[in-house]
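Thanks for taking a look at this one with me.

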Amino acid sequence: QVQVVESGGGLVQAGGSLRLSCTASGGIFSIMCWYRQTPGKQRELVAAISSRDSTNYADSVKGRFTISRGNGKYTIHLQMSRLKAEDTDIYYCSAPLGSREYWGQGTQVTVSS
């Protein structure tokens, strides 16, 4: 059974930092991703990391966010720095497996200006 569990998030002032973590289990994942979504809007890809540690970022977060692997093979982190009010969103971890995409429960990030 595939499980995706996120942690981190919370409330931070603009210019501050937060770190999100995600652990996936129950499969072999060649890529893991972070998305974010405002209710009523389309989910947006924030960052992705492959099994070979190649990374990809949305233009809006380049230079501010860093995706990396943790101690576990399927544990990833999203270090978010120089946060802006427009980074406020629900952040979701995604672990695609075959034709399916598995999602975490989401974690709220709120940046106060």
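**Notes on the predicted model**

1. Let's begin with a strand pair: β7 and strand β8 (residues 75-80) run antiparallel to each other, joined by five bridges. Strands here are DSSP runs of E with at least two residues, numbered from the N terminus, and two of them pair if DSSP finds at least two bridges between them. Within this pairing, Ile67 has Leu78 of β8 as its bridge partner.

2. A word on the ground rules. This is a predicted model, in which local features need pLDDT of at least 70 and side-chain atom pairs count only at pLDDT 80 or more, while totals for chains, interfaces and linings use all residues. Residues are numbered from 1 along each chain as its sequence is written, and side-chain values use heavy atoms, leaving out hydrogens and water.

3. Four strands make an open sheet in the order β1-β3-β8-β7, with antiparallel pairing. The edges are β1 (3-8) and β7 (65-69); each has a single partner strand, so one side of each lacks a neighbour in the sheet.

4. Which cysteines are joined by a disulfide? Cys22 and Cys93 are, with 2.0 Å from S to S; the cut-off for a disulfide is a pair of cysteine sulfur atoms within 2.5 Å. Cys22 belongs to strand β3 (residues 18-25) and Cys93 to strand β9 (residues 89-97), so the link ties together parts 71 residues apart in sequence. Both Cys22 and Cys93 are buried, where buried means under 20% relative accessible area, exposed over 50%, and partly exposed in between (1.4 Å probe, protein chains only).

5. Cys33 is buried, at 6% relative accessible area.

6. Do look at the aromatic rings. Tyr35, Tyr92 and Trp103 are linked into a cluster by ring pairs; rings of Phe, Tyr and Trp (its six-membered ring) pair if their centres lie within 6.5 Å, and planes under 30 degrees apart count as stacked, over 60 as edge-to-face and the rest as tilted. Tyr92 is buried, with 14% relative accessible area, whereas Trp103 is partly exposed at 32%.

7. Finally, find Arg43. Its charged end sits over the ring of Trp103, 4.3 Å from the centre, and Arg43 also lies over the face of Tyr92, 3.8 Å from that ring centre. The rule asks for NZ of Lys or CZ of Arg within 6 Å of the ring centre and within 35 degrees of the ring normal.
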